[in-house]
Amino acid sequence: MSRYRLQPTPAQEAALLEHCGHARYVWNLAVEQHAHWRPGLKSAPGFAEQCRQLSEARAEFGWLRAGSVIVQQQALKDFAQALANFFAGTHRRPRWRRRGRGEGFRIVAVKAGDVRRLSRNVGEVRVPKVGWVRFRWSRAVPEGVKSYRITRDAAGRWHVAFAAIPEPLPGPGTGEVIGVDRGVSVSAALSTGELLNAPTPRDGEKSRLRRLLRRLARAKRGSNRRGRVKTAIARLKAREVDRRKDWIEKTSTDLARRFDVIAVEDLKIGNMTRSAKGTVEAPGRNVRQKAGLNRGILTAGWGRLVERLEQKAAGRVRKINPRYTSQTCNACKHIARKSRESQALFLCVACGWRDNADVNAAKNVRDTAAGHAVAARGGPPLGEPANREPQHDLLPVG
Ligand SMILES: [Zn+2]
């Protein structure tokens with residue numbers, strides 16, 4: 001995703017706002033439909049059923065029919081994705097949207113000629129029912145744009161973000177398998193022993209953010225000053241998010257080029273969430289603690305890294321059941337929780353093998369992908385929690 005400042009004319013702005021209104025209306029209807037749903041009840045309408053209902057609503061209401069069906073359908077799709085994220089435990093439950101806050105809509109099925117450059121600094125994008133809208137060509141627009149999202153921030157500024165699915169890259173052809181472990185003390189560990197760190201906010205940025213937050217707390221609600229402080233905070237955070245996204249792009253490209261098979265853990269984040277919540281009869285243990293953990297995973301860019309790997313190393317990514325990968329000695333295959341000396345160190349209680357804990361896990365991920373059983377012998381009783389929850393936000397991506 002690369003974001004550009006959109007420069008609509010006043011008339012275009014009115015039309016864009018209309019799209020936003022439709023997207024918000026459809027989204028909120030979907031939120032309502034699901035608001036009363038509880039586990040055990042017959043499921044609330046899914047995406048296909050909601051699309052059918054949308055067609056009915058469009059037939060009935062002229063004002064809805066006057067809008068773009070793509071905008072409205074994509075709002076349902078966004079909702080379906082938000083709900084899936086919620087059930088996967090990576091995001092909060094989708095909530096009601098208010099006018100003027102987080103406004104936006106998405107356009108799909110973008111054709112090659114729908115984005116074009118007018119001059120060095122000016123481009124334009126074709127928006128259904130709005131026409132050609134100019135934007136600031138502040139950096140290269142990715143090749144093969146498939147969709148874009150148009151948003152309006154709290155300050156009333158419009159942006160367009162283009163999404164293109166990256167082209168698959170060729171592997172080196174050596175047959176080499178790499179194991180990648182979502183690290184605890186680093187962002188990701190490779191079975192080669194490399195430790196990868198996603199960029200974190202710089203000290204100067206941290207203190208600037210603290211200052212801005214203090215200023216925000218003192219600013220009067222609705223004041224211009226408050227608006228300015230909020231914008232400054234948003235800008236600071238956006239820069240941080242950009243840097244991490246950049247890191248994910250570079251890292252995924254690097255891995256896709258260097259290795260033929262990339263093995264990653266198939267993190268059943270959803271299962272973890274469900275077990276954290278438990279059921280009415282048997283409420284989960286450590287619910288509060290795990291709620292914090294899930295927020296950590298929410299911000300984790302791990303999912304995005306894996307997604308990018310699957311696109312760039314198309315057909316060359318293996319997802320491995322992560323069970324025991326952190327507790328198994330890569331040298332002798334003995335499984336023991338106690339071998340996980342600390343977050344950082346693996347020290348086998350059976351053979352004395354010692355390694356960086358995340359690298360040891362990455363090697364197990366690699367070996368499993370290469371067809372060697374990791375949980376070969378021994379092993380803790382079923383259900384014993386694997387001690388590999390991240391202690392802080394890893395690869396956070398906003
Ligand atoms: Zn061992």
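This is a predicted model: local features need pLDDT of at least 70, side-chain atom pairs count only at pLDDT 80 or more; totals for chains, interfaces and linings use all residues.
Two strands count as paired if DSSP finds at least two bridges between them.

I'll start with the strands. Strand S3 covers residues 115–117 and strand S4 covers residues 122–127. Three bridges connect S3 and S4, and the pairing is antiparallel. Four residues separate S3 from S4, and the two strands make a hairpin.

Now the other partner of S4. Strand S5, residues 131–136, runs antiparallel to S4, with six bridges joining them. Which residue of S5 is the bridge partner of glycine 123? That is phenylalanine 135. So much for the pairing; next, the turn. S4 and S5 also form a hairpin, this one with three residues between the strands. In that hairpin, lysine 129 has a positive phi, near 65 degrees.

On to empty space. Rolling a probe the size of a water molecule over the atoms shows where such space is left. How many cavities of 30 Å³ or more turn up in a search of the whole structure? One. The largest cavity holds about 40 Å³.

What lines the largest cavity? Among the lining residues are Ala23, Val71, Asp78, Phe105 and Arg149. Helix H4, residues 69–88, and strand S2, residues 103–107, each contribute at least two residues to the lining. H4 has the largest share, with four residues. Sorted by class, the lining of this cavity has four nonpolar, two polar and four charged residues.

That's it from me.

Technical notes. Residues are numbered from 1 along each chain as its sequence is written. Side-chain values use heavy atoms; hydrogens and water are left out. On a 1 Å grid over the protein atoms alone, a cavity is a set of points where a 1.4 Å probe fits but cannot get out, and a pocket is an open set with protein on both sides within 12 Å along at least five of seven lines; lining residues have an atom within 4 Å of a point. Grid points are joined across faces, edges and corners, and a volume is the space filled by probe spheres set on the points. Ala, Val, Leu, Ile, Met, Phe, Trp, Tyr, Cys and Pro count as nonpolar, Asp, Glu, Lys and Arg as charged, and the others, Gly among them, as polar.
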